[in-house]
Amino acid sequence: MARIKPQALLLQSKKKKGPTRISVTTIIFCNLVIVLVVFSLFATYRNWSNRSGNQFHVGGSNVEEHDGFVDSKRFDLPGYAILNTSKGYITVELNKDGSPEIVDKFLDLCQKGHFKGMPFHHVIKNYVIQGGHSQGIGAAEDWTSKGKPHGHLPLSPKHEAFMLGTLKSKQDGKKFELFITTAPIPDLNDKLIVFGRVIKGEDVVQEIEEVDTDEHYRPKSPIGIINVTLKPEA
């Protein structure tokens, strides 16, 4: 038997070898790379999509946030005012929801001391008490002189007795006057904006109503508001 040379054996062994096998580790690594690439592409697409949506709705979002800020601010405003008068204390609950602009104006004037020392310059029994710094004929006297028929118009709950209001006509801070009704007055619907109601001190209002006045409903003795204290709760 002839011997096969070592070189020939090497060539024969190379010819018999099959294709090289890929290891399991390599397969797993490749799969992980593919998964990472796909996840990265998906994340990029989602981020771009959300960004486009936010840009489209940016106007509406700002409005909602602004409204929420206004509402929370209004909620934090004092809800009660205590009028310290020369006859005693009158506690008023402010209608922040029904008359927000007037309440804001009233609160601002309170902080500026506008009502400190304000006189009740017209007192009309079974009608209204008017306070302010204006001179001359009072609005309440003017309304009375026109002889409006009391009790013949539909009654508005807003204008029952012990309601706090001010004139509907546009006015600056110096002319901001206060009216406290002492009886249901439906004919004031077109003249007064009611922004509060007396919840304590009705007897003080009635005592003011009983003061002596002249023929023009002006009190013969000085009577008015000493100061106003604002409180979040009664």
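1. A salt bridge here is a side-chain nitrogen of Lys or Arg within 4 Å of a carboxyl oxygen of Asp or Glu. The model is predicted. R197 and E93 form such a pair, with their closest N and O atoms 2.8 Å apart. R197 sits in strand β7 (residues 192–200) and E93 in strand β2 (residues 88–94), so the bridge ties together parts 104 residues apart in sequence. R197 is partly exposed, at 40% relative accessible area. E93 is partly exposed too, at 24%.

2. K125 and E210 also meet through their side chains in a salt bridge, 3.3 Å from N to O. K125 lies in the loop between β3 (120–124) and β4 (128–131), and E210 in the loop between α6 (202–209) and β8 (225–231), so this pair links parts 85 residues apart in sequence. K125 has a relative accessible area of 47% and is partly exposed. E210 is partly exposed, with a value of 47%.

3. D214 and R218 make another salt bridge, at 3.4 Å from N to O. D214 is partly exposed at 23% relative accessible area. R218 is partly exposed at 36%. The whole structure holds four salt bridges.

4. Now the overall fold. The protein has six helices and eight strands. Along the sequence they run α-α-α-β-β-α-β-β-α-β-β-β-α-β. Of contacts between residues at least 6 apart in sequence, 68% join residues at least 24 apart.

5. Last, burial and surface. Of the 234 residues, 32% are buried. The protein exposes about 16000 Å², and carbon and sulfur atoms supply 57% of that area.

Key. Residues numbered from 1 in each chain as written. Predicted model: local features only at pLDDT ≥ 70, side-chain atom pairs only at ≥ 80, totals over all residues. Heavy atoms only, no water. Helix = DSSP H or I, 4+ residues; strand = E, 2+ residues; numbered from the N terminus. Buried < 20%, exposed > 50% of the residue type's maximum accessible area, 1.4 Å probe, protein only. Contact = heavy atoms within 4.5 Å. Areas by Shrake-Rupley, 256 points an atom, 1.4 Å probe, with all protein chains shown as cover.
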